Amino acid sequence: MEWFFPLDSPVKAMGSSSFFSCFLLFLLVAFPNVHAFTGTYGVNYGRIADNIPKPGNVALLLKANKIKNVRIYDADHDVLTAFKGSGIEIIVGLGNEFLKDMSVNEDRAMDWVKTNVQAFLPGTSIRGIAVGNEILGSTDPELWEALLPAAKNVYNALDRLGLTKTVEVSSPHSEAVFQNSYPPSACTFKDDILPYMKPLLQFFSQINSHFYINAYPFLAYVSDPVTINIKYALFEKNSGIYDSKTKLHYDNMFEAQIDAAYIALEKIGFEKMEVIISETGWASKGDANEVGATVKNAQTYNGNLRKLLAKKKGTPYRPKTQIRAYIFAMFNENLKPGPTSERNFGLFKADGSIAYDIGFDGLEPSSAVSSLLSFKDIGLKGWFKSSYSLIYSTSAVVLLLIFT
(Lines give C-alpha, C1' and ligand atoms only; values in the text may rest on other atoms or scores of the structure.)
Protein backbone atom coordinates (compact mmCIF):
# COMPACT_ATOMS: atom_id res chain seq x y z
CA MET A 1 0.00 0.00 0.00
CA GLU A 2 1.28 3.48 -0.85
CA TRP A 3 0.40 6.67 1.01
CA PHE A 4 0.03 9.93 -0.91
CA PHE A 5 0.05 13.39 0.66
CA PRO A 6 -0.41 16.83 -0.93
CA LEU A 7 2.88 18.66 -1.59
CA ASP A 8 2.02 21.32 0.94
CA SER A 9 0.88 18.93 3.67
CA PRO A 10 2.52 19.05 7.14
CA VAL A 11 3.78 15.51 6.56
CA LYS A 12 5.84 16.60 3.54
CA ALA A 13 7.40 19.32 5.63
CA MET A 14 8.61 17.06 8.43
CA GLY A 15 11.62 14.76 8.43
CA SER A 16 11.29 11.04 7.77
CA SER A 17 11.91 10.10 11.40
CA SER A 18 9.27 12.55 12.63
CA PHE A 19 6.82 11.27 10.06
CA PHE A 20 7.48 7.68 11.07
CA SER A 21 6.85 8.52 14.73
CA CYS A 22 3.61 10.27 13.89
CA PHE A 23 2.55 7.38 11.70
CA LEU A 24 3.12 4.92 14.51
CA LEU A 25 1.07 7.12 16.83
CA PHE A 26 -1.69 7.21 14.21
CA LEU A 27 -1.73 3.41 14.07
CA LEU A 28 -1.98 3.11 17.84
CA VAL A 29 -4.84 5.59 18.01
CA ALA A 30 -6.71 4.26 14.97
CA PHE A 31 -6.23 0.58 15.75
CA PRO A 32 -6.07 0.25 19.56
CA ASN A 33 -7.29 -3.33 19.76
CA VAL A 34 -4.99 -6.23 20.48
CA HIS A 35 -5.44 -9.63 18.86
CA ALA A 36 -4.45 -12.42 21.24
CA PHE A 37 -4.51 -14.89 18.34
CA THR A 38 -2.23 -13.79 15.52
CA GLY A 39 -2.32 -17.06 13.56
CA THR A 40 -5.20 -19.31 12.60
CA TYR A 41 -4.20 -22.53 14.40
CA GLY A 42 -3.58 -23.02 18.11
CA VAL A 43 -3.82 -25.70 20.78
CA ASN A 44 -5.18 -25.96 24.29
CA TYR A 45 -2.43 -27.11 26.62
CA GLY A 46 -4.28 -28.77 29.49
CA ARG A 47 -2.31 -30.37 32.30
CA ILE A 48 -4.78 -32.44 34.34
CA ALA A 49 -2.39 -35.37 34.25
CA ASP A 50 0.54 -36.83 36.15
CA ASN A 51 2.41 -38.35 33.21
CA ILE A 52 2.84 -35.65 30.55
CA PRO A 53 6.14 -34.00 29.54
CA LYS A 54 7.58 -31.05 31.45
CA PRO A 55 6.73 -27.55 30.17
CA GLY A 56 10.20 -26.96 28.70
CA ASN A 57 9.89 -30.07 26.55
CA VAL A 58 6.36 -29.05 25.57
CA ALA A 59 7.70 -25.72 24.32
CA LEU A 60 10.23 -27.59 22.17
CA LEU A 61 7.50 -29.87 20.84
CA LEU A 62 5.31 -26.88 19.92
CA LYS A 63 8.17 -25.08 18.18
CA ALA A 64 9.14 -28.20 16.25
CA ASN A 65 5.58 -28.44 14.93
CA LYS A 66 5.33 -24.69 14.22
CA ILE A 67 2.42 -24.20 16.63
CA LYS A 68 2.61 -20.59 17.78
CA ASN A 69 -0.68 -20.06 19.63
CA VAL A 70 -1.49 -21.77 22.94
CA ARG A 71 -4.20 -21.54 25.60
CA ILE A 72 -3.57 -22.69 29.16
CA TYR A 73 -6.28 -22.88 31.80
CA ASP A 74 -4.35 -21.13 34.56
CA ALA A 75 -1.23 -19.00 34.87
CA ASP A 76 1.20 -21.67 36.01
CA HIS A 77 4.60 -20.11 36.64
CA ASP A 78 6.53 -23.19 35.52
CA VAL A 79 4.82 -23.02 32.14
CA LEU A 80 5.25 -19.27 31.77
CA THR A 81 8.93 -19.52 32.70
CA ALA A 82 9.55 -22.44 30.33
CA PHE A 83 7.95 -20.57 27.42
CA LYS A 84 10.13 -17.49 27.90
CA GLY A 85 11.86 -16.56 24.67
CA SER A 86 10.02 -19.24 22.69
CA GLY A 87 7.92 -16.82 20.66
CA ILE A 88 4.85 -18.91 21.50
CA GLU A 89 1.87 -16.64 22.15
CA ILE A 90 -0.14 -17.61 25.21
CA ILE A 91 -3.60 -16.92 26.57
CA VAL A 92 -3.57 -17.56 30.32
CA GLY A 93 -6.66 -18.47 32.28
CA LEU A 94 -8.15 -16.85 35.36
CA GLY A 95 -9.87 -19.83 36.96
CA ASN A 96 -13.58 -19.86 37.74
CA GLU A 97 -12.76 -20.22 41.43
CA PHE A 98 -11.28 -16.68 41.48
CA LEU A 99 -14.16 -14.84 39.84
CA LYS A 100 -16.30 -13.99 42.87
CA ASP A 101 -13.34 -12.51 44.73
CA MET A 102 -12.07 -10.66 41.67
CA SER A 103 -15.50 -9.19 40.98
CA VAL A 104 -15.61 -7.26 44.27
CA ASN A 105 -11.92 -6.66 44.91
CA GLU A 106 -9.93 -4.44 42.54
CA ASP A 107 -6.75 -4.93 44.56
CA ARG A 108 -6.96 -8.70 44.18
CA ALA A 109 -7.29 -8.29 40.42
CA MET A 110 -4.27 -5.99 40.36
CA ASP A 111 -2.21 -8.41 42.45
CA TRP A 112 -3.15 -11.31 40.17
CA VAL A 113 -2.22 -9.42 37.01
CA LYS A 114 1.07 -8.20 38.46
CA THR A 115 2.05 -11.66 39.72
CA ASN A 116 0.86 -13.78 36.79
CA VAL A 117 1.15 -11.53 33.76
CA GLN A 118 3.28 -8.43 34.21
CA ALA A 119 6.05 -10.36 35.99
CA PHE A 120 6.61 -12.52 32.89
CA LEU A 121 6.45 -9.81 30.23
CA PRO A 122 7.95 -9.23 27.76
CA GLY A 123 10.07 -12.41 27.75
CA THR A 124 7.02 -14.67 27.78
CA SER A 125 4.55 -13.63 25.12
CA ILE A 126 1.31 -13.46 27.12
CA ARG A 127 -1.27 -12.10 24.69
CA GLY A 128 -4.51 -12.63 26.55
CA ILE A 129 -6.34 -13.41 29.78
CA ALA A 130 -9.38 -15.67 29.60
CA VAL A 131 -11.56 -14.66 32.54
CA GLY A 132 -13.33 -17.86 33.57
CA ASN A 133 -14.33 -20.70 31.26
CA GLU A 134 -17.87 -21.55 30.16
CA ILE A 135 -19.46 -19.45 32.92
CA LEU A 136 -22.72 -18.37 31.29
CA GLY A 137 -24.93 -21.41 30.96
CA SER A 138 -23.25 -23.17 33.88
CA THR A 139 -25.13 -24.24 37.00
CA ASP A 140 -23.80 -21.46 39.27
CA PRO A 141 -25.79 -18.23 38.73
CA GLU A 142 -23.56 -16.41 41.23
CA LEU A 143 -20.70 -16.83 38.75
CA TRP A 144 -22.91 -15.38 36.02
CA GLU A 145 -23.20 -12.20 38.07
CA ALA A 146 -19.49 -12.14 38.92
CA LEU A 147 -18.19 -12.56 35.36
CA LEU A 148 -18.57 -9.00 34.05
CA PRO A 149 -17.27 -7.14 37.12
CA ALA A 150 -14.35 -9.58 37.33
CA ALA A 151 -13.51 -8.98 33.66
CA LYS A 152 -13.72 -5.21 34.20
CA ASN A 153 -11.42 -5.32 37.21
CA VAL A 154 -8.87 -7.41 35.32
CA TYR A 155 -8.99 -5.03 32.37
CA ASN A 156 -8.68 -1.99 34.65
CA ALA A 157 -5.61 -3.55 36.25
CA LEU A 158 -4.06 -4.06 32.80
CA ASP A 159 -4.97 -0.48 31.88
CA ARG A 160 -3.30 0.96 35.00
CA LEU A 161 -0.18 -1.07 34.17
CA GLY A 162 -0.18 0.06 30.53
CA LEU A 163 -0.76 -3.44 29.16
CA THR A 164 -4.09 -3.18 27.34
CA LYS A 165 -2.43 -2.81 23.92
CA THR A 166 -0.63 -6.14 24.30
CA VAL A 167 -2.93 -8.28 26.48
CA GLU A 168 -6.55 -8.99 25.54
CA VAL A 169 -9.31 -9.76 28.05
CA SER A 170 -11.88 -12.37 26.98
CA SER A 171 -14.11 -15.15 28.30
CA PRO A 172 -14.80 -18.43 26.44
CA HIS A 173 -18.36 -19.73 26.26
CA SER A 174 -19.90 -23.12 25.60
CA GLU A 175 -22.68 -23.85 23.12
CA ALA A 176 -25.01 -23.86 26.15
CA VAL A 177 -25.40 -20.08 25.74
CA PHE A 178 -27.49 -20.67 22.60
CA GLN A 179 -31.18 -21.51 22.52
CA ASN A 180 -30.73 -23.27 19.19
CA SER A 181 -28.15 -23.27 16.42
CA TYR A 182 -29.76 -25.16 13.54
CA PRO A 183 -29.97 -23.91 10.92
CA PRO A 184 -27.35 -21.20 11.54
CA SER A 185 -29.79 -18.40 10.67
CA ALA A 186 -32.07 -19.50 13.53
CA CYS A 187 -29.42 -19.19 16.22
CA THR A 188 -30.26 -17.08 19.25
CA PHE A 189 -28.97 -16.66 22.78
CA LYS A 190 -31.03 -18.15 25.59
CA ASP A 191 -33.43 -15.69 27.18
CA ASP A 192 -32.13 -16.24 30.71
CA ILE A 193 -28.54 -15.64 29.58
CA LEU A 194 -29.17 -12.44 27.61
CA PRO A 195 -29.31 -10.11 30.68
CA TYR A 196 -25.72 -11.20 31.44
CA MET A 197 -24.45 -11.73 27.92
CA LYS A 198 -25.41 -8.36 26.44
CA PRO A 199 -23.58 -6.20 29.04
CA LEU A 200 -20.56 -8.50 28.77
CA LEU A 201 -20.52 -8.17 24.98
CA GLN A 202 -20.98 -4.42 25.27
CA PHE A 203 -17.89 -4.24 27.47
CA PHE A 204 -15.87 -6.48 25.15
CA SER A 205 -16.99 -4.38 22.21
CA GLN A 206 -15.74 -1.23 23.95
CA ILE A 207 -12.31 -2.76 24.60
CA ASN A 208 -12.14 -4.39 21.12
CA SER A 209 -12.17 -7.93 22.40
CA HIS A 210 -13.61 -10.98 20.62
CA PHE A 211 -16.29 -13.60 21.12
CA TYR A 212 -14.72 -16.93 22.10
CA ILE A 213 -16.86 -20.06 21.76
CA ASN A 214 -16.10 -23.74 22.38
CA ALA A 215 -17.51 -25.57 19.36
CA TYR A 216 -17.58 -29.37 19.23
CA PRO A 217 -19.19 -31.20 16.31
CA PHE A 218 -18.13 -34.32 18.24
CA LEU A 219 -20.49 -33.51 21.12
CA ALA A 220 -23.32 -32.71 18.72
CA TYR A 221 -22.83 -36.00 16.91
CA VAL A 222 -22.63 -38.05 20.13
CA SER A 223 -25.88 -36.49 21.32
CA ASP A 224 -27.73 -37.37 18.10
CA PRO A 225 -25.86 -39.93 15.94
CA VAL A 226 -29.06 -41.04 14.22
CA THR A 227 -29.96 -37.64 12.75
CA ILE A 228 -26.51 -36.16 12.19
CA ASN A 229 -24.44 -37.45 9.28
CA ILE A 230 -20.99 -38.24 10.67
CA LYS A 231 -19.39 -37.22 7.37
CA TYR A 232 -20.91 -33.76 7.86
CA ALA A 233 -19.29 -33.62 11.32
CA LEU A 234 -15.90 -34.86 10.07
CA PHE A 235 -15.48 -32.54 7.04
CA GLU A 236 -15.89 -35.50 4.68
CA LYS A 237 -17.76 -35.37 1.38
CA ASN A 238 -21.51 -35.23 1.99
CA SER A 239 -24.63 -33.44 0.80
CA GLY A 240 -24.43 -30.93 3.66
CA ILE A 241 -27.24 -28.58 4.69
CA TYR A 242 -28.88 -25.60 3.05
CA ASP A 243 -29.97 -22.58 5.07
CA SER A 244 -32.96 -21.22 3.17
CA LYS A 245 -32.97 -17.88 5.00
CA THR A 246 -29.37 -16.94 4.20
CA LYS A 247 -29.31 -19.06 1.03
CA LEU A 248 -25.99 -20.54 2.13
CA HIS A 249 -24.82 -24.13 1.84
CA TYR A 250 -22.70 -25.83 4.52
CA ASP A 251 -20.72 -29.00 3.87
CA ASN A 252 -19.43 -29.25 7.45
CA MET A 253 -20.84 -28.64 10.91
CA PHE A 254 -17.85 -26.69 12.19
CA GLU A 255 -18.39 -23.72 9.87
CA ALA A 256 -22.13 -23.88 10.50
CA GLN A 257 -21.49 -23.57 14.24
CA ILE A 258 -19.28 -20.54 13.70
CA ASP A 259 -21.83 -18.80 11.50
CA ALA A 260 -24.58 -19.60 13.99
CA ALA A 261 -22.56 -17.64 16.57
CA TYR A 262 -22.10 -14.73 14.15
CA ILE A 263 -25.82 -14.60 13.47
CA ALA A 264 -26.74 -14.77 17.18
CA LEU A 265 -24.36 -11.87 17.84
CA GLU A 266 -25.79 -9.91 14.94
CA LYS A 267 -29.34 -10.29 16.25
CA ILE A 268 -28.46 -8.49 19.48
CA GLY A 269 -26.42 -5.72 17.87
CA PHE A 270 -22.84 -7.04 17.78
CA GLU A 271 -22.44 -7.67 14.07
CA LYS A 272 -18.85 -6.36 14.06
CA MET A 273 -17.54 -8.72 16.74
CA GLU A 274 -15.22 -11.48 15.52
CA VAL A 275 -15.83 -15.09 16.58
CA ILE A 276 -12.85 -17.19 17.64
CA ILE A 277 -13.08 -20.90 18.44
CA SER A 278 -11.47 -21.34 21.85
CA GLU A 279 -11.89 -25.13 21.82
CA THR A 280 -12.70 -27.78 19.25
CA GLY A 281 -11.59 -31.35 18.79
CA TRP A 282 -12.58 -35.01 18.55
CA ALA A 283 -12.04 -37.79 21.09
CA SER A 284 -10.02 -40.83 20.01
CA LYS A 285 -11.62 -43.07 22.63
CA GLY A 286 -14.88 -43.08 24.58
CA ASP A 287 -17.42 -45.04 26.54
CA ALA A 288 -19.87 -47.42 24.85
CA ASN A 289 -22.46 -44.67 24.50
CA GLU A 290 -19.98 -42.19 22.99
CA VAL A 291 -20.56 -43.18 19.40
CA GLY A 292 -17.86 -42.07 17.01
CA ALA A 293 -15.07 -41.67 19.57
CA THR A 294 -12.40 -43.56 17.62
CA VAL A 295 -8.81 -42.97 16.57
CA LYS A 296 -9.83 -42.95 12.91
CA ASN A 297 -12.50 -40.29 13.43
CA ALA A 298 -10.23 -38.12 15.59
CA GLN A 299 -7.54 -38.32 12.93
CA THR A 300 -10.04 -37.43 10.21
CA TYR A 301 -11.57 -34.49 12.09
CA ASN A 302 -8.35 -32.91 13.30
CA GLY A 303 -6.52 -33.57 10.05
CA ASN A 304 -9.26 -31.98 7.96
CA LEU A 305 -9.60 -29.12 10.44
CA ARG A 306 -5.89 -28.39 10.21
CA LYS A 307 -6.12 -28.27 6.42
CA LEU A 308 -9.12 -25.93 6.62
CA LEU A 309 -7.38 -23.50 8.98
CA ALA A 310 -4.24 -23.52 6.83
CA LYS A 311 -6.28 -22.04 3.97
CA LYS A 312 -6.83 -18.89 6.07
CA LYS A 313 -10.30 -18.45 4.70
CA GLY A 314 -13.61 -17.43 6.18
CA THR A 315 -17.00 -19.07 6.59
CA PRO A 316 -19.91 -18.96 4.14
CA TYR A 317 -21.52 -16.12 6.16
CA ARG A 318 -18.27 -14.26 6.87
CA PRO A 319 -16.00 -15.17 3.93
CA LYS A 320 -13.55 -12.31 4.55
CA THR A 321 -12.91 -13.09 8.23
CA GLN A 322 -10.32 -15.82 8.74
CA ILE A 323 -11.34 -18.77 10.89
CA ARG A 324 -9.19 -19.05 14.02
CA ALA A 325 -9.36 -22.05 16.31
CA TYR A 326 -7.62 -23.61 19.29
CA ILE A 327 -7.62 -27.41 19.10
CA PHE A 328 -8.49 -29.38 22.19
CA ALA A 329 -6.12 -30.69 23.29
CA MET A 330 -2.34 -31.01 23.37
CA PHE A 331 -2.25 -34.24 25.41
CA ASN A 332 -4.44 -37.04 26.63
CA GLU A 333 -5.00 -36.08 30.28
CA ASN A 334 -5.30 -39.14 32.51
CA LEU A 335 -6.65 -37.36 35.61
CA LYS A 336 -9.60 -35.59 34.02
CA PRO A 337 -12.95 -36.59 35.53
CA GLY A 338 -16.00 -37.53 33.52
CA PRO A 339 -16.54 -39.93 30.62
CA THR A 340 -13.65 -41.71 28.92
CA SER A 341 -13.64 -39.22 26.05
CA GLU A 342 -12.52 -36.44 28.41
CA ARG A 343 -9.18 -38.19 28.83
CA ASN A 344 -8.66 -38.87 25.13
CA PHE A 345 -8.79 -35.63 23.17
CA GLY A 346 -5.00 -35.31 22.83
CA LEU A 347 -3.12 -34.78 19.60
CA PHE A 348 -0.24 -36.33 21.54
CA LYS A 349 -0.16 -39.19 24.01
CA ALA A 350 1.13 -38.60 27.51
CA ASP A 351 4.67 -39.67 26.55
CA GLY A 352 4.83 -37.09 23.75
CA SER A 353 4.35 -39.48 20.85
CA ILE A 354 1.60 -38.65 18.36
CA ALA A 355 -1.84 -40.06 19.11
CA TYR A 356 -2.44 -40.34 15.34
CA ASP A 357 -0.82 -38.88 12.26
CA ILE A 358 -2.04 -35.50 11.02
CA GLY A 359 1.39 -34.26 10.02
CA PHE A 360 2.91 -33.51 13.42
CA ASP A 361 6.19 -34.88 14.79
CA GLY A 362 6.16 -36.55 18.19
CA LEU A 363 8.51 -38.43 20.47
CA GLU A 364 9.75 -41.98 20.31
CA PRO A 365 9.45 -43.11 23.94
CA SER A 366 11.85 -45.64 25.43
CA SER A 367 13.69 -44.05 28.32
CA ALA A 368 14.12 -40.69 30.00
CA VAL A 369 17.42 -40.12 28.17
CA SER A 370 16.14 -41.06 24.74
CA SER A 371 13.02 -38.93 25.31
CA LEU A 372 15.21 -35.91 25.89
CA LEU A 373 17.17 -36.70 22.75
CA SER A 374 13.96 -37.10 20.80
CA PHE A 375 12.67 -33.70 21.96
CA LYS A 376 15.94 -32.05 20.96
CA ASP A 377 15.96 -33.98 17.70
CA ILE A 378 12.44 -32.98 16.65
CA GLY A 379 13.25 -29.41 17.58
CA LEU A 380 16.19 -29.48 15.21
CA LYS A 381 14.16 -31.22 12.52
CA GLY A 382 11.63 -28.44 12.72
CA TRP A 383 14.33 -25.84 12.09
CA PHE A 384 16.57 -27.65 9.57
CA LYS A 385 14.12 -30.04 7.89
CA SER A 386 16.28 -33.12 8.03
CA SER A 387 16.69 -36.27 10.09
CA TYR A 388 19.54 -37.15 12.41
CA SER A 389 21.26 -40.27 13.66
CA LEU A 390 21.44 -40.96 17.38
CA ILE A 391 25.08 -39.79 17.41
CA TYR A 392 24.23 -36.53 15.70
CA SER A 393 21.29 -36.00 18.07
CA THR A 394 23.60 -36.42 21.05
CA SER A 395 26.01 -33.85 19.57
CA ALA A 396 23.10 -31.48 18.99
CA VAL A 397 22.04 -31.74 22.62
CA VAL A 398 25.57 -30.92 23.77
CA LEU A 399 25.68 -27.88 21.49
CA LEU A 400 22.28 -26.71 22.70
CA LEU A 401 23.41 -27.00 26.31
CA ILE A 402 26.55 -25.00 25.55
CA PHE A 403 24.86 -22.18 23.71
CA THR A 404 21.66 -21.79 25.79
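1. Helices here are DSSP runs of H or I with at least four residues, strands are runs of E with at least two, and the numbering starts from the N terminus. In these terms F235 lies in the loop between α10 and β9. The model under discussion is predicted.

2. Overall content. The protein chain contains 14 helices and twelve strands. It has 404 residues, and 51% of them count as buried. Its accessible surface amounts to about 19200 Å², with 56% of that belonging to carbon and sulfur atoms. If contacts between residues at least 6 apart in sequence are taken, 67% of them join residues at least 24 apart.

3. Helices α6 and α7. Two packed helices are described by the angle between their axes and the distance between the axes. Helix α6 covers residues 106-116 and helix α7 covers residues 141-160; the two pack at an angle of about 60°, with axes 8 Å apart. Angles under 35 degrees count as roughly parallel, over 145 as roughly antiparallel and 65 to 115 as roughly perpendicular, with the rest oblique; α6 and α7 are therefore oblique to each other. The crossing of α6 past α7 is right-handed.

4. Residues between α6 and α7. On the α6 side the contact uses E106, A109, M110 and V113, and on the α7 side N153, V154, A157, L158 and R160. Sorted by class, this contact of α6 with α7 has six nonpolar residues, one polar residue and two charged ones.

5. Helices α7 and α8. Helix α7 also packs with helix α8 (residues 194-206), at an angle of about 10° and with the axes 9 Å apart. The cut-off for roughly parallel is an angle under 35 degrees, and α7 and α8 are therefore roughly parallel to each other. From α7 the contact takes W144, E145, L147, L148, A151, K152 and Y155, and from α8 it takes Y196, P199, L200, F203 and F204. The residues of this contact of α7 with α8 comprise ten nonpolar, no polar and two charged.

6. D101 and A146. D101 belongs to helix α5, which spans residues 99-104. Its relative accessible area is 31%, so D101 is partly exposed. Along the chain D101 and A146 are 45 residues apart, while their C-alpha atoms are separated by 8.5 Å.

7. Cis peptide bonds. Most residues other than glycine have a negative phi, and most peptide bonds are trans. The bond from Y182 to P183 is cis, with omega near -15°; P183 sits in the loop between β6 (178-180) and β7 (188-189). The peptide bond joining F328 and A329 is cis as well, with omega about 10°. A329 is located in the loop between β12 and α13. A reader new to the structure may wish to look at these bonds in the model.

8. F235, a residue other than glycine, has a positive phi near 65°. Is F235 buried or exposed? With a relative accessibility of 16%, F235 counts as buried. K247 is not a glycine either, and its phi is positive at about 60°. K247 is placed in the loop between β9 and β10 (248-250), and at 61% relative accessibility it counts as exposed.

9. The relative accessible area of S239 is 63%, so S239 is exposed. S239 and Y250 are eleven residues apart along the chain, and 8.7 Å separates their C-alpha atoms.

10. P339 and its contacts. Which residues does P339 touch, not counting residues up to four places away in sequence? It touches D287 and E290. Between P339 and E290 there are 8.7 Å from C-alpha to C-alpha, and the two are 49 residues apart along the chain. P339 is in the loop between β12 (325-328) and α13 (368-384). With a relative accessible area of 37%, P339 is partly exposed.

Definitions and conventions
Residues numbered from 1 in each chain as written. Predicted model: local features only at pLDDT ≥ 70, side-chain atom pairs only at ≥ 80, totals over all residues. Heavy atoms only, no water. Axes fitted to C-alpha atoms, helices over the stretch in contact; angles between N-to-C directions. Left-handed = near helix turned anticlockwise from the far one by under 90°. Contact = heavy atoms within 4.5 Å. Nonpolar A, V, L, I, M, F, W, Y, C, P; charged D, E, K, R; others polar. Buried < 20%, exposed > 50% of the residue type's maximum accessible area, 1.4 Å probe, protein only. Areas by Shrake-Rupley, 256 points an atom, 1.4 Å probe, with all protein chains shown as cover.
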